[in-house]
Amino acid sequence: MRYSWRMGFLCAQLSWAGVLWAVLLCASVPAVAARKPAEPPLLSPAFTEAIDHGVAGGVYASVAVGVIDGKRSGTFYFGHRDDARSKPADDDSLFELGAVSEVFTGILLAQAAVEGKLRFADPVEKFLPTPFPFADARLGKITLAQLATQHSVLPAQPANLFPEDPDDPYAGYAGEDLLALLAFQRGPNETGEATYSYSVLNAGLLGHLLGRVYQTAYAQALADQVLSPLGLRHVSFTDDANLLPGHAHGASVPHWHYGVLAGAAGLRASLPDMLTFLQHNLTPESSPLRAALLLARQPRAAGPADQLGFGWNVREKLDGATTWPLVWRASRTAGFASFVGFRTDRQRAIVLLGNSSEDVAALGIAWLGDGAPPPVAHASNAEADNRLDEYPGLYQIAAGREAVVRIAANALNLQLPGEFPRRLRPADKDVFVTADHAFGVTFMRGIGEVNGLVLHAGGSNVTAARLSARAPRLARTPIAAPAAMRGAVAGDYRLDDANWLRIAPSAQGLTLQWTQGERRSIFAYAPDRYADAEGAIDLHIVRDADGRVAKLRFELAGAPREALPLRRPLP
C-alpha cells in the first residue's frame with residue numbers, strides 16, 4: 001500500500017507525457033505486489049523420479065498418471081520415445097483396467113437401486129430363470145450386496161473354465177457356462193455368515209444379473225446407465241487401435257477378455273476419461289449420478305485390510321485427531337496395472353495406468369497419503385535369463401510325496417501329487433509363476449546347478465529337494481479305441497468343488513482339459529485306459545453294469561484321484 005501511495009503522488013506532479021509513463025508504471029505495480037508464491041507441482045520430483053527410474057530400468061513399460069489437487073489437475077506420460085516397448089502414451093491411449101472394472105459394476109448396481117429396479121438384499125435366484133435347478137440352494141440365496149463386496153460362497157474361479165487359449169482364459173466363457181456352473185456348483189461345507197473371499201465370479205455374476213435387470217447385455221447397460229451419463233466416451237470393452245500392448249517381465253503378453261464375466265474386469269480406458277471419472281467422485285453433487293456414486297462407496301463389509309463398498313476399498317486414515325476415508329481400487333492383469341483413488345477431505349485424486357504387470361498401487365496410496373514414493377523393484381528379462389532345460393526332474397516335498405517338473409509345449413509345468421500339471425511363466429531368474437500369480441516356484445541352486453525348489457502358495461512356502469534331473473515316465477504303446485466307446489466318455493466331470501474336467505473325443509483318442517488348464521490329448525493304451533505323451537496323466541475309465549461311465553480314476557504324480565460325471569439337467 002505504501003508503495004502505491006507514493007507512486008500516485010508522483011503521478012500527480014508530472015507533465016502529461018510523464019503522467020502517461022507513470023500510469024504505465026503504476027499499472028504494473030499491483031501485479032508485482034499481488035504475485036502469490038509458486039504452488040508446488042502436482043506430481044512431486046520424488047514421484048516423477050521414481051516413475052522415470054522404473055521406466056528406465058525396464059520395470060514399467062509406459063505409465064500414465066493423472067492427478068487432481070483442489071482446483072488444479074494435470075496428466076503426465078512417462079516412457080522412452082526411442083523404445084517401442086515403453087513409448088509414452090497419450091490422451092488417446094487405452095489401458096486395461098482389470099478389476100477396477102468392478103467399481104463401475106458397483107455404480108451400476110447402485111443406480112439400479114436408485115431407479116427402484118432392485119434392492120441390495122435381493123437374492124441371486126430372483127433374477128434367474130424360474131425354477132432354477134441349483135445343486136446347492138445356498139447359491140440362490142446369495143445377495144447382490146454379497147456379490148458386490150466379495151462375501152459370497154462362490155469359488156475363486158469358475159470350475160468349468162476350459163479356455164480355448166490359456167493366455168486369454170476367460171474370453172470364451174459364455175452365459176450358458178455361467179448358468180451351468182450355478183446349476184452344478186456346491187458351496188463349502190462350512191455354515192454361518194459368509195466371510196470375505198475374492199472371486200472373479202462375484203462381480204462377473206453381478207454384471208450378468210444387472211444386464212438381465214435392464215433387459216440387455218451388461219456392457220450395454222453399463223454404457224447407457226453409467227458411462228454415457230458421466231461423459232466417459234473412451235471407457236468400453238472394445239479393443240481398438242489405441243489399445244496399448246501389454247507386457248510382463250520384459251515380454252509382450254496377450255490382452256485379456258472376460259466374456260460373460262465382464263462385470264469383474266475387461267474395461268479399457270483412457271487417462272483423461274479416468275480423471276473425469278474421479279472428478280465426478282470428488283464432487284458428486286454436480287454429477288448426474290450423485291446418489292449412485294455416494295451409495296457405491298459407502299462401506300458395507302469388512303475386507304482383509306479395509307472396509308469394502310461396491311467395488312471400492314475404503315481405508316480410514318488418521319489425520320491428527322480426525323480420520324478421513326481413502327477410497328481406492330487397484331488391479332493387475334497379465335500385462336497391465338491400474339490404480340484409482342481419492343480423498344474428499346482435501347479434494348485430491350490420482351489415477352495410474354501402466355501397460356506392464358508391475359503393480360502401481362503403492363505409488364497411488366503413497367501420493368494420496370502424502371508419503372514418499374516406494375522403491376521401485378528391479379527388472380529382469382525373465383525369458384532370456386532362464387534356460388528351461390535346467391529345471392525338469394523329480395523333487396521330493398516330503399516322505400512319499402514328490403513333485404514333477406516337465407517341459408511341455410515350450411513351457412515349464414509343475415505337477416504336485418494328485419493334481420494336474422500347472423503351466424508356469426518366467427518371472428525372474430529361477431522364478432516362475434502361474435498366469436494368475438496365485439502360485440509360484442523359486443528354483444534353488446547348489447554349485448551352478450538346480451538342486452531344489454520352493455513352492456509359494458497361499459502365503460506358505462514349502463521346500464523340495466531335487467532327486468533326479470529326469471521326470472519319471474512310463475512308456476505306453478497306443479492302441480485303437482472304438483469311436484462309440486470314446487464318445488460315451490465325453491462330458492464334464494467333478495474332480496472336487498473347485499476343479500472340473502472336460503473330456504471330448506478326438507481323431508487320435510480323447511482330449512482332456514481341467515479347470516483353467518490347457519487341452520491335452522490322451523491316447524488309449526489298453527481297454528478304457530488312457531495316458532498323455534508326457535506321462536503326467538494316467539486315466540482308468542470305470543463303467544457300471546450297463547456299460548455307462550460311473551467314474552474316472554486317475555493316477556497323478558503318484559497319487560490317485562477320482563472324478564464323477566455331471567449329469568443333472570441344465571437350465
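## Basis of the model

The structure is a predicted model, in which local features need pLDDT of at least 70 and side-chain atom pairs count only at pLDDT 80 or more, while totals for chains, interfaces and linings use all residues. Residues are numbered from 1 along each chain as its sequence is written, and side-chain values use heavy atoms, with hydrogens and water left out.

## Overall make-up

The protein chain has 571 residues, and 49% of them count as buried (buried means under 20% relative accessible area, exposed over 50%, and partly exposed in between, with a 1.4 Å probe and protein chains only). Its secondary structure comes to 14 helices and 29 strands. Helices (H or I, at least four residues) and strands (E, at least two) are DSSP runs, numbered from the N terminus.

The C-alpha trace spans about 120 × 65 × 45 Å along its principal axes. Among contacts with a separation of 6 or more, 59% are between residues 24 or more positions apart; a contact means heavy atoms within 4.5 Å.

## Salt bridges

Side chains of opposite charge can pair when their charged atoms come close. Here a salt bridge is a side-chain nitrogen of Lys or Arg within 4 Å of a carboxyl oxygen of Asp or Glu. The count by this rule is 30 salt bridges. One of them joins R329 to E102, with the closest N and O atoms 3.1 Å apart. R329 lies in strand 11 (residues 322-332) and E102 in helix 4 (residues 101-114), so this pair ties together parts that are 227 residues apart in sequence. Both R329 and E102 are buried.

Another salt bridge links D136 and R138, at 2.8 Å from N to O. D136 counts as buried at 10% relative accessibility, whereas R138 is partly exposed at 33%. In the salt bridge between E562 and R553, the closest N and O atoms are 3.1 Å apart. E562 is partly exposed, with a relative accessible area of 36%, and R553 counts as partly exposed at 34%. A network of salt bridges links D69, R346, R348 and D370.

## The largest cavity

On a 1 Å grid over the protein atoms alone, a cavity is a set of points where a 1.4 Å probe fits but cannot get out, and lining residues have an atom within 4 Å of a point. Grid points are joined across faces, edges and corners, and a volume is the space filled by probe spheres set on the points. A search of the whole structure finds one cavity of 30 Å³ or more. The largest cavity holds about 40 Å³ of space.

Its lining residues include E102, G106, L147, A148 and F310. Helix 4, helix 6 (144-148) and helix 8 (200-213) are the elements that give two or more residues to this lining.

Two strands pair if DSSP finds at least two bridges between them. Strand 16 (residues 411-415) and strand 17 (residues 422-428) pair in the antiparallel sense over three bridges, and L414 has R422 in strand 17 as its bridge partner. These strands form a hairpin with six residues between them, and G418 in the turn has a positive phi of about 80°.

Strand 17 is also joined by three bridges to strand 18 (residues 431-433), and the two run antiparallel. R425 stands opposite V433 in strand 18. The hairpin of strand 17 and strand 18 has two residues between the strands, and D430 takes a positive phi near 65°.

Terms used:
On a 1 Å grid over the protein atoms alone, a cavity is a set of points where a 1.4 Å probe fits but cannot get out, and a pocket is an open set with protein on both sides within 12 Å along at least five of seven lines; lining residues have an atom within 4 Å of a point.
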